[in-house]
Amino acid sequence: MDNLCIRKIHQLFRAVVDFERILDERFSLNINELMLLCLLSERGCLLAGEIANYMNLTRSNASKVIASLERKGCIERKACSHDSRCQQCQITKAGQMLIEKINNENFEGFSIIKI
């Protein structure tokens, strides 16, 4: 790996950190919470295990992200129709509105790097 590659990786890392800071400041979200909102917005209802797999998180970490968004009113859990012990997560109207707000946000001062 050469120095240019390492510099580009560092710039990419900094861009992700900066983006997550903006998400936190403007929307009180972290990148995993935003990823889950996007996932549920696209896929509809998902089980916690499916969320963990799609997001490449441990079940424990996925559970923390789910709980955080549930406390914020962005997602809700509902019992599965075939088995009341399993629960599906789905985005709420408030969560969908937040996604739309983020999509319409002007992220001034934030630049994506070309690799």
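**Figure 1. Cys-80 and Cys-86 are both buried.** In this predicted model, Cys-80 and Cys-86 are joined by a disulfide. The sulfur atoms of Cys-80 and Cys-86 lie 2.0 Å apart. The link of Cys-80 and Cys-86 is left-handed, with -135 degrees about the S-S bond. The count for the structure comes to one disulfide.

**Figure 2. Cys-38 is in no disulfide.** The nearest cysteine sulfur to that of Cys-38 belongs to Cys-74 and is 12 Å away. A disulfide needs two cysteine sulfur atoms within 2.5 Å.

**Figure 3. Cys-5 is partly exposed.** The relative accessibility of Cys-5 is 32%, so Cys-5 counts as partly exposed.

**Figure 4. Helix H2 packs with helix H5.** H2 spans residues 31–43 and H5 spans residues 93–103. The angle between H2 and H5 is about 110 degrees, and their axes are 10 Å apart. Angles of 65 to 115 degrees count as roughly perpendicular, and H2 and H5 are therefore roughly perpendicular to each other. The crossing of H2 and H5 is left-handed.

**Figure 5. Residues of H2 meet residues of H5.** On the H2 side are Leu-34, Leu-37, Cys-38 and Ser-41. On the H5 side are Gly-95, Gln-96, Leu-98, Ile-99 and Ile-102. The residues of this contact of H2 with H5 comprise six nonpolar and three polar, with no charged.

Technical notes. Residues numbered from 1 in each chain as written. Predicted model: local features only at pLDDT ≥ 70, side-chain atom pairs only at ≥ 80, totals over all residues. Heavy atoms only, no water. Axes fitted to C-alpha atoms, helices over the stretch in contact; angles between N-to-C directions. Helix = DSSP H or I, 4+ residues; strand = E, 2+ residues; numbered from the N terminus. Parallel < 35°, antiparallel > 145°, perpendicular 65-115°, else oblique. Left-handed = near helix turned anticlockwise from the far one by under 90°. Contact = heavy atoms within 4.5 Å. Nonpolar A, V, L, I, M, F, W, Y, C, P; charged D, E, K, R; others polar. Buried < 20%, exposed > 50% of the residue type's maximum accessible area, 1.4 Å probe, protein only.
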